[in-house]
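Here is a short tour of one protein model. Keep the sequence and the 3D view open as you read.

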Amino acid sequence: MKKTIALFTIIAITIFIIPSYGYSAQFSQKKAIMIIVDNVNYDDLINYGQKNIKYLLENGSLGLMNTNSGGAFSSANAYATIGAGTYAISSIVGTYAGGYDDLYYHEKIHEVYKRNTGREMAEENIANIDILGLKLQNQRLNRPVKVGLLGSLLNENGYKTAILGNEATSLDDISVSASLISMNSEGITNYGKVDSSLLTRDFMSPFGLKTNYDELFKAFEEVKDKADFIVIQTGDTYRLNRYMSISDERLGQVKADIFKEIDTLVGKIIENGHKDMLIMLVVPFPSSADIANGKRLTPVIVFDNLFSKGVLTSATTKRDGIITNTDLAAHILAYFDIAKPSIATGHKIVSKSADEPLEYLKNLSEVSAFNYQSRAVVVKTYIGFIIVVLLLAFVFMIYFKAYVAWIKPLLIAVLLVPTALLILPLFNPWDTVRFTISLISTVVILSLGIYYSFKDNLKIFASTCLLSTGIILVDTYLDNPLMRVSILGYDPIIGARFYGIGNEYMGFLLGTTLVGTASLIDAYRDKAMFLKAISLVIYGVVLITLMLPTLGTNVGGTMAAFIGLGTATLLHWKRKLTKKDFVLLVCLLLIFLLALFVYDSIQPSETQSHIGQTSSLIKQNSVFALFQIFGRKLATNYRLIGQSKWTLVLIATIVTLGILFRWPVGILKEIFRKHNHLYFGFISGIIGTIAAFIFNDSGVVAAAMFMVPITISLILMCIDEDLKTNSYAKENSNYKK
């Protein structure tokens, strides 16, 4: 009897404890809900959102999301990018998805899916019928991309996905962009409902259709206990954005009606949730009106018990208030405690405290939109200004020698424009008139002040260039408060870089550093040894600034700096550069880069720079990934040579230097004979420019900005040397008479 009781007790313990233990080891009560409200902005959420959306705005963590992708700026590509966790693209029919018996041109989805893939789908599945086309399109990208990565990793770790709703503009349409987020790499979402039963006819709504929110919530209740990650496409805001024939008066009323329904849905989802539930309100793509106004950053709200009220950020951007669409997948994976593979380039989203988050984000959106819209005009104007001033310099040197000194303030102005554009945010110039007045006033005051304060060219170069170098370095060590919003800095909408020093200012920094230190040594020859030591310290600071992961490593800039500044160091101290020195410099660069790769790769993934991430990518995807990176950089450079306006600056400066070497005869030789350290700065600058061009994916931009201080300084020296030569010739002629 005792043995029977003991055996029964053991069996009971086994039944009640072991299954419970096994379940909790793999699963949890966590549930992630992504609510898609497409083509809206924060003004829409504030003005039309009611109590539940306002609750999220007041209690959630808010952010602006970069919506770029691996291809054209399109809605489908943005959705594909979210699901892939890296910049991806969609195919022509990549948004076509449906349930088992849903129809695609009178054929059932399961039949089309099997015909395309050779595989069966389960009756409860939602299948994307063009999964093969999606894979093929992304294989053509010069980067590793796995479509449906998020869904695959969730499935592999025992979690289920669901997709509810659609954005169809007719009852026969099966467009379900959100399936690109929820599906796995085979195009399958575990559960869902996306058919026309979720729509209802309403002649006052765009396209005569609207979402049936009662049916949508019923569908949610059916899957909420089966699926762990649920994507809900509300659809109506998408249809409104596509519907062009609507008056402004009707637009406001329709938005109010739509948001009333969405608000009710959000409230029901929150009420049916629990403390472990993650709610994300996501706007994958901006509206047509916002795109026209340069507002390409979209709202994201994250709400769960771990997120305090504030603004969103991530290690991808390292910028308060801004994330990328690649971060969404990374955050969901982190939420479910799933390791992120290196192929996913995004990072976990975190919340940062901020006073008045909404006001902060609205201001950030306005500044970003202004810079995005104005950047092309400002850059083209500056490039035109450079070319015109270079032409005027030659015209005056040839035909108006008596007035050539008038050109000097204009040449100094060319040198000062990048610095002025960097400090301009201090004046909050975020409208066209104020920006124009502030920029012109700053450049005129600085250029005339320096021109009249320093009659000696070497002192003009030293003060102007080292001032620029100092401002860029200080701004970087203060976490780039100026460069983040400078019109010549990096643009969060373009999204090429979010932190550190961008290629425009990287090239300019190296050019001003080399010219400024060389001029300083030549200007005060009696203190040459001391100034060479100071220059060496400046070179070290610049190199470390471009190198450190905590400051936003610029790998191409680091390589260009090592070569350019290293060459300058050897020339200033040894006064010559041998083949042995050059080989040594290259070997030291390789060792330096290897050490940097090793150091950054052992850092936590959330703090790694691009170097560490590249190292992880190579480990997981072989050295072939490195060749893909080189290929992308070469392709970008090749494209920019033909398309970028900076190519004109690079050509103009090279032609200018070519002319100066030939005419006036022997003038540069005489200048370099008198000022050998300036010559060393020139040689190291040319070598550094070539390195910047080769090692950067936008090398044309970096090289052009690198050449600006080098070319301007030599023209100014030639003007003065020509004036001295002509003055001496006149005096000597009068004496002979």
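## Cysteines

The count of disulfides comes to zero, where a disulfide is a pair of cysteine sulfur atoms within 2.5 Å. In general, a disulfide is a covalent bond between the sulfur atoms of two cysteines.

The model is predicted: local features need pLDDT of at least 70, side-chain atom pairs count only at pLDDT 80 or more, and totals for chains, interfaces and linings use all residues. Residues are numbered from 1 along each chain as its sequence is written, and side-chain values use heavy atoms, leaving out hydrogens and water.

Burial is set by relative accessible area: buried is under 20%, exposed is over 50%, and partly exposed is in between (1.4 Å probe, protein chains only). Cysteine 465 has 0% relative accessibility, so it counts as buried. Cysteine 587 has 39%, so it counts as partly exposed.

## Two helices

Helices (H or I, at least four residues) and strands (E, at least two) are DSSP runs, numbered from the N terminus. Helix α11 covers residues 248-271, 24 residues in total. Its expected span is 1.5 Å times one less than its number of residues. Buried residues of α11 include Val254, Ile258, Phe259 and Ile262. Lys255 and Asp263 are buried in α11 too.

In helix α6 (residues 131-139), Ile131, Gly133, Leu134 and Asn138 are buried. They sit on the same side of α6, because they cover an arc of only 160° around the axis. The arc is that of the directions from the helix axis to the C-beta atoms. Their cover includes α5 (109-117), β6 (126-128) and α8 (179-182).

## Serine 314

Serine 314 lies in strand β15 (residues 310-314). Is serine 314 buried or exposed? It is buried, with a relative accessible area of 3%. Its side chain reaches the backbone nitrogen of threonine 316 at 3.2 Å.

Contact means heavy atoms within 4.5 Å. Beyond its neighbours within four places in sequence, serine 314 is in contact with residues including Arg319, Asp327 and His347.

## Nonpolar cores

A nonpolar core is a set of buried Ala, Val, Leu, Ile, Met, Phe, Trp, Tyr and Cys residues joined through side-chain atoms within 4.5 Å. The largest has 97 residues, and Leu421, Leu510 and Trp646 have the most contacts inside it. Helix α27 (residues 699-736) gives the most to this core, with 17 residues. A second, separate core of 60 residues includes Val112, Ile129, Phe229 and Ala329.

Methods:
Polar contact = N/O pair within 3.5 Å; in protein donor to acceptor, adjacent residues only side chain to side chain.
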